[in-house]
Amino acid sequence: MSENHYSGVMDEDKRITLRLPADLHEWLAAQAKSARRSLNSEIVHRLEVERDAIVTDTGSP
């Protein structure tokens, strides 16, 4: 796992407005609740996992 894992404190926060389809928002909110994370933390977690998977795949011969 990456050392950059989101711990709730970031060196520099960037804010964005994100529009999601209602069904995707509901699904993410349910996933966040079951993982005991905020919706924001859930989105960040999933993006980091995906990024780490891509970096790992790219770094392998």
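In this predicted model, Glu12 is exposed, because its relative accessibility of 52% lies over the 50% cut-off. The side chain of Glu12 meets that of Lys14 in a salt bridge, with N and O 2.8 Å apart. Lys14 likewise counts as exposed, because its relative accessibility is 65%.

The description now turns to the helices. Two packed helices are described by the angle between their axes and the distance between those axes. Helix 1 spans residues 22-34 and helix 2 spans residues 39-59; their axes come within 9 Å and cross at roughly 95°. Helix 1 is therefore roughly perpendicular to helix 2. On the side of helix 1, the contact involves His25, Trp27, Leu28, Ala29, Gln31 and Ala32, which meet Leu39, Glu42, Ile43 and Arg46 of helix 2. Sorted by class, this contact has six nonpolar, two polar and two charged residues.

Glu42 and Arg46, both part of that contact, also form a salt bridge with each other, their closest N and O atoms being 2.6 Å apart. Because the two residues are four positions apart in helix 2, about one helical turn separates Glu42 from Arg46. Glu42 counts as buried, because its relative accessibility is 1%, whereas Arg46 is partly exposed at 33%.

A further salt bridge joins Arg51 and Asp52, with the closest N and O atoms 3.4 Å apart. Arg51 is partly exposed at 38% relative accessibility, and Asp52 is partly exposed at 21%. Shared partners link Arg37, Glu42 and Arg46 into one network of salt bridges. The count of salt bridges comes to four.

How values were computed
Residues numbered from 1 in each chain as written. Predicted model: local features only at pLDDT ≥ 70, side-chain atom pairs only at ≥ 80, totals over all residues. Heavy atoms only, no water. Axes fitted to C-alpha atoms, helices over the stretch in contact; angles between N-to-C directions. Parallel < 35°, antiparallel > 145°, perpendicular 65-115°, else oblique. Contact = heavy atoms within 4.5 Å. Nonpolar A, V, L, I, M, F, W, Y, C, P; charged D, E, K, R; others polar. Buried < 20%, exposed > 50% of the residue type's maximum accessible area, 1.4 Å probe, protein only.
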